[in-house]
Every structure is written in C-alpha cells, then in structure tokens.
Amino acid sequence: MTLTRRSALALPALALFPTAALAAPAPAFSLKDADGVTRTLAEFRGKVVVMEWINEGCPYVKKHYQGNMQATQKAALADGAVWLSVCSSAPGQQGHVDGAGAKRFIADKGASPTAFLLDPTGVAGKAWGAKTTPHMYIVDKAGELVYQGGIDDKPTANVADIAGATNYVKAALADLKAGRPVKVAFSKPYGCAVKYA
Amino acid sequence: MSRLLAVLLGLFALLGPIPAAAAPVDTGHLEAELVAQERGAVPGGTVYVALRQKIDKGWHTYWRNPGDSGEPTTITWTLPAGWQAGDIVWPTPARMPIGPLVNYGYSGEVLLPVPIQVPVTAEVGSTATLKADVTFLVCELTCIPEYATLTLAVPVVADAPGADPAWGGKVAATLAAAPRAAGLAAVYAVQDDTVRLAVTGGPLKGADLSRAYFFPFDATVLDHAGPQPIERGADGLTLSLPAGVAVSAGQTPAIIAGVLSLGDRAFEVSATAGTIPAGALGGGTLPPAPVEDHGPTAAIGAAIGLPLALVFAFLGGLILNLMPCVFPVLSMKAAALARHAHDTRAARMQGIAYLLGVLVTFLALAGVLIALKAAGQAIGWGFQLQSPAMVAALALVMLLVALNLSGVFEAGLSLQGAGGGATSRGGLTGSFLTGVLAVVVAAPCTAPFMASAMGFALTQDAWLSLPVFAALGLGLAAPFVLLSFAPGLLRRMPRPGPWMETLRHVLAFPMYAAVAWLVWVLAQQTGPMGLALALSAGVLAAFAAWLWGLAQRRPPAPVARGLAAVLAVAVIALTGLLAMESPATSTAAAEGAGEAAEVPSEPWSPDRVAALRAEGRPVFVNFTAAWCVTCQVNERTSLSTKAVADALTRNNAVYLKADWTRRDAVIAGALTEHGRAGVPLYLVYGADGSAPVILPQLLTEGMVAEALDKAAAR
C-alpha cells in the first residue's frame, strides 16, 4: 500500500500530527540557520540530506554527543551527504538556542553539521512529525524521504548501550551509497519529547 | 526508642518471617523499592515481587510502549541459582499529553509486579536475596534517567505463607486490575490512513464503551496523539485508530497487539488482519474517550478509590459549613445551641438529632438519586434544585424560618425558654429538621473536594456510593456535633438572656439572603411569570405567618388562625402553579444569567463541539447552572473578564455554555463521560482535536487564558 501526503491531508481530523509519509517527497522547510541565513530543503536537491532533531539539554542527545553522533555525522559528510541539525525547542523550553548558542554547542561538542537550523515556532518540526530528540530523517537525492526514526535500535539513555546497537542512519546511508533500497526505512524514534511551545 | 524496637520485633515474631526490603531508594524524582505479595516463597511455586515507584508530584514514568517519547522502566534481575523472573505485569497506563505529543505512563504511586519462579530445590528455612538493577526515565517537562539497585530478602517456607501484611493487598489489587486476555476476538482493517480495530466478545456486551481507548504495544503502528473515535456494536466495538509510520509505510505488522481500556477495566487484545465483523458496528458512534485525570488513583485503581473518596467526602462536608448556602441554616443552629449552652444533656441530644437529620436526608437523597439512575434517568447531584416548584418550596421554607427568627411568630412551644421535657423533645424535632434543611440547601454548593467524591460515588455500585454520602453527611454535621459534645466550649458561651432575642433577629438576615438567592434561581428557571407567582406566594406566606403570630400572642383568636390557614393553602396552590409554569426558553435564561456581554458564548451541543473541532478551532466549554454557586462565582470573577475575552479572540476560540439549570439528559451524559456527577465542569479542547483538558473547579482568569493559549498551540 502506498500512501501519499495528499491522502494524509484529506483526513485532517485523523492525521493531526502526521508522520511524514515514506517514499514521498519530504516536507519543505524554510528556516534560519545559526548565522541568520535562510535555508530551504530545495537548495540541497541532488544531495542526500540527514535531518537530526536536537535539544542539547536532553539526556538522550547527550548520550549520543559523547562521540557517536559526531562520528555518524563525519561519515555522512565524507560520503557527500548534507547534515542538518534542527532545534524545535520553543523559547523558554529546554534546549532552546539562538544562533550564538547553536555555535557554542557546535564548538563544545566538536560537531560539524552543514547547518544548524533554528525552528523556535516548531513549524518545521510539526510538519515533519518530529517527536523526540534525537529524531532522525534521511532524504535521498530525489528529495524523497527514505528513513525516519531513531538513530539506533537501543532506546536508552545509557552510553554503554551504543556499543551493541545497530545504527540505522549509518545502515540507511550505506544502502543509498550502494544503490540499494533502504532496508530499515523506519524505526521507533526515542528520546525526550520535542519541547514545542 | 529501644522499647519501640522491642515492640516491633515482637510484632514480627508474631507474624512470622516476612520479606525484608532494604529501605526505599530515593533516586531523585521517585522513591523505589521491591515489595512482595506474600510473606515467603514456596519451593516450586511463584511469588509476585513488585517494583514500587512513588513518583514526585508532576513527574511520571513510562509504560512498556512509552508513546511518542520516553522510555519504559526496565528491571535486570540477579537471582539465586534456579530462580527465574518473568515479564513485568504492566498496569493500564494513563495518557499524558505533552504539547502535540502523547505519552503513556504512570504518575503518583505505581506497582509493577513481576512473577518470580521458585525452584523446587530451594531450601526451606533459607533466605533468598533478590536483586534488581532498575532504570527509570522520569519526566516532568524535562526528562532525567535515574537508576537504582534494589534488594529484597525472601524467606523460603514450606507452605502457603499468607499475604505480606504491608503490600500483599496492593500487589493483589494491581494484579487483579491489570489488563488480561479475556478471550476477546480482534480484527483490524487498514483503510487509507486509519486502522479500524474491531474487538468483540462477552465482556464488551452491554459495557460502557464511552471511555474505550487502545494502547498499542508497538510504538510504530499508531499515531499516539490522534483521537480514537468509537463505534458501538451488538457484540463489541470498532475503534478508528490514526495510522503510525509502520502502517503509512505499508509495513503493517501481521498482528496488532495492545491493551483495550474501558476506563475501569482493561483487556489484552491481539488483532489479525480481516474483515470487521457486523457485531462490532452499527450501534452508533461515540466521541473519542477524553484524557482522564491521571491522579495517583489511575494505576492502583479501585483499591484505594474508596478510602480516598471517603476522605474527600468528609472534607467536602466540612467545607460545606462555610458555603453561603449553608451558612444561614448554621446560623439558626448556632442560635439554638446557645440556648442550650448550660444544659449539656439537652445540647448533646440536639447534636445527635441534628446529625441524624443530616445523615437520613443525605442517604435518602442518595437513595432517590440511585433509584432514578437505575431507572435510566439522566440526572446528577443538585437535581432537587432543577424543579422550579422545589426551589419555590425551599424559598418559602427559608422565608418562614427567617420570619420565625425575626420574631413574627413562634414555632409551637419549642422556642420558648429552656429545659422541661416537652420543650427538649420539641427542640429535638427542630434539630432534626435543621439537619434536613442543611442538606437540602447544601446540595448546590458542591464544594471542590466533593466533586470527585460525588463523581466516584455516582459511578459506583450503590453499596459503594452510600458510604461516600454518609461520609459527606458526617463532615457537614461534624462541627456542631463536636460543639454540642464539648461542655467546655459550650460553657464558654454566654448565659441566656435578652441578648439572644437580638442575636436571633440578626441571624434572620442571612436567611432572607438565602430566600433572595433562591428566588433569583427561580427567575432563571421560569422567567417573569414564575417570579410573580413565587413573590405572591412569599407575600401571602409572610401575611399568614404574621396572623399566626398574632393569634399566638392573643389566644384564642379563631379568626386570625382561620385566615392564616386559608392563606397557607393559597401559598401551596401558588407553588403548585409554578410546577406547571412553562420553562423559560434557553435564550431568556442565558440573558437572565446576567452575562457581561463582553464574553460572547454559544449554547453547547455535542454536534457544535464536533463541528468546531473539525474546523480546528479551540473550544472552551462551561457546564454551569444558575443554582450552582461555584459556577456563578467563576463566571463573575474569571469568565466575564477582558482577559478571557481577549484570549478567546486571540486564539480564534469559541466559548460554549452548557446550562444545566434545568434537567437535561444530554448534559448529564456529558458530565458522566468526564467522571463528574454535577457542575461546574470546564473543558478546553485543543485546536488539534486532541482530548480536552479539564480545568480546576475554582478558576482564575489567568488560568483560563493560559489554557486557551495552550489549546491553540496544540
């Protein structure tokens, strides 16, 4: 069964917080990055894009930023992918950052996202259906959403669990690189709730 | 201290061995410990050991599927050789909305029982140490992972060890309330972005399905935050579940399993793909079940429901003493008590008579209410004030009491002087009637504490609800009964004398105020014509009372007495006419409620709510009644304000009013759906169609405005 976003929108009463449909165009966005420059999904057409929802105060984000997220990021960038970290924490909520705060986080953690996008109104987060931090999405070169869910299969806040976990983002990127369909196209996102207003 | 220890040790010796838990571990935002259902473990048997969490107020932990975010509690056991731990028996969770997301979890106190198999080789007389490494994710708005290592020493005994004195009952109650497979048949069918789940079987036939909700075990099958509209059928129900990512991706699992909760019961169901059976359809649709208050009772269930309800009922009764509708009756009682201040026996008898009056009336009202409910009438607490004739009768009774206090006439001999057998007997009847009157006028003052107790009482079986009403009566009567039994306090009251006449005259005025209030209520119910009838009856009653008083002062005065009797009949006839008076139209009633025009509202109906929600607009619903004082106070202080008007406009929200001043089955049904037996009830529906938030019964304008802002953001 194939679902399109149109059918999701045709039932507004039921699909109030739609999960972005798979194998369908990824929802567009237009957000300011840490430098105040407006970025859109369209500008990355032709490249694989990894979207990462982030909240620096969340224990699950902290778990993965002890090295795992940076390593996943570096590997993705090395393969020519674009990495976008998105913060949908509303002002006053945990993890909310401005441009300077985002840059400080990147420097502190030795992270290297292509851009750190600020979504304080949550408009992009809600359009994508981002539920947790982290919540990962991968968009292929044609702009189709090919993966969404957790970063791996061990939904805990314990760093020790990273060692034995299957990293779904790495796996999906490897499938794309090899020209195979993405084997695990979704998983349960886990972590803290995105701190929408 | 050492003596206390000795006593405790002695007690333990009497009870025999019991599992010894290390002290509860405070992990930061919750307290955790292991507790056992039984006092020991039998070789070859199974003992249930529960992880008890006492979670800080405002924080919560998670169910096996935590919903949109979060993480379930995990237990890693380290057990002696041969001992085996099973899976956690998860109690039915509560839905916890957070922004546009929904989590499944627990707040307050929750027990997670785990069956532990004891090997046949376990040595009787030995003690087994069970160790559990536990991880919790505890969240308020932010989340904190917490860890604890807990131990429990369990004695191995030869045969039936009996229940653990502290925890046996609670573990048993948790196990009894846990969702279980009940032989229900379940089938699902995917249609576009909806998973239709049909469940049929004996336990669902004729059950109350209005609170039905399906908690899936798998987090990717359903959209947890979406509503689950209910369709009834002869053999069960069909829920329309919004699809999750797995279903949208066309990878619906072969089996969709989870817990079907009906609010008070829950079942484990496991559905396979198929055709929705006819027996699960065709009985009409119900709105999605509202999110329920997830207080500490949610997880433990009915086991602590009754004691808590009793405590709330007693407190509610106490608070009623201070309510404006009860105060006049109390003032009369105070006058009577002061008269008997120096005759302790008479004072006690009066106290008991008053208590009896209160209890008998409460239980009688409860009995009538239960009987009417059993007969299928949709009514709730305060129903006795929904009939205009009843309100008019009450107003006239209050008027007569006030006139009596003013000294216009005397009721028999009872109020003349203290002491003497006949007098105290007359006083007893008076005290009993005072109790009756107190209850009847108290009903509209459903104090905040009483609402949940009343809601509990009226949704339970009769044998459970009667104690709650009795507790309410005890609370209402308590202050005066205590006073009448405390000679010390009574002796402090001044000696009877001419001052008492003055006090009586002063206390008459709260009664006149009560009359004025009841007449105002009546005006809401019947309009100007009814008001005219009631006021005429009042004037005639006053005239009759004065004539009667005249006759008392100058006996025998047959003419005055006769005229008084004729007038009394006229008063009764006028009151009877009121019963036939056609009700005011709802618009007239709404205008009469004295709306400060600045906050426009529409009449409530389930259809209107559904339509507005379909438009994606936030909705504020006010369930109110003219005779409900709390409702009126809220409307004046919190709802008819600029802040609320602005919040409504700002959020494109709609204010709906459900007026329960007169009996209305649809409104009564809506109240029941939200676990309430009476008004006020305030609901705020979010713009996203999620289940409504219930606001507290005492509102502030800021609270309403904030709730509307949040609703628009949802």
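Q: Leaving aside neighbours within four places in sequence, which residues is Asn651(B) in contact with?
A: In this predicted model, Asn651(B) lies in the loop between helix H19 (642-650) and strand E24 of chain B. Helices (H or I, at least four residues) and strands (E, at least two) are DSSP runs, numbered from the N terminus. With contact taken as heavy atoms within 4.5 Å, and neighbours within four places left aside, the partners of Asn651(B) are Pro618(B), Leu708(B), Asp709(B) and Ala712(B).

Q: Is Asn651(B) buried or exposed?
A: A residue is buried under 20% relative accessible area, exposed over 50% and partly exposed in between (1.4 Å probe, protein chains only). The relative accessible area of Asn651(B) is 12%, so this residue is buried.

Q: Which backbone oxygen does the side chain of Asn651(B) reach?
A: Side-chain values use heavy atoms, with hydrogens and water left out; residues are numbered from 1 along each chain as its sequence is written, and chains are lettered from A and ligands numbered from 1 in the order in which they are written. Local features need pLDDT of at least 70 and side-chain atom pairs count only at pLDDT 80 or more, whereas totals for chains, interfaces and linings use all residues. At 2.9 Å, the side chain of Asn651(B) reaches the backbone oxygen of Ala647(B).

Q: Why do the buried residues of H20(B) line one face of the helix?
A: The buried residues of helix H20 (residues 665-673) of chain B are Ile667(B), Ala668(B), Ala670(B) and Leu671(B). Seen down the helix axis, with directions taken from the axis to the C-beta atoms, they line one face of H20(B) because they fall within an arc of 160 degrees.

Q: Which residue of chain B forms a salt bridge with Lys131(A)?
A: A salt bridge is a side-chain nitrogen of Lys or Arg within 4 Å of a carboxyl oxygen of Asp or Glu. Across the interface of chain B and chain A the rule finds one. The closest N and O atoms are 3.9 Å apart, and the partner of Lys131(A) is Asp68(B).

Q: What percentage of the 197 residues in chain A is buried?
A: Chain A has six helices and nine strands. Of its 197 residues, the buried share is 57%.

Technical notes. A polar contact is a pair of N or O atoms within 3.5 Å; within protein, one must be able to donate a hydrogen and the other to accept it, and residues adjacent in sequence count only if both atoms are side-chain atoms.
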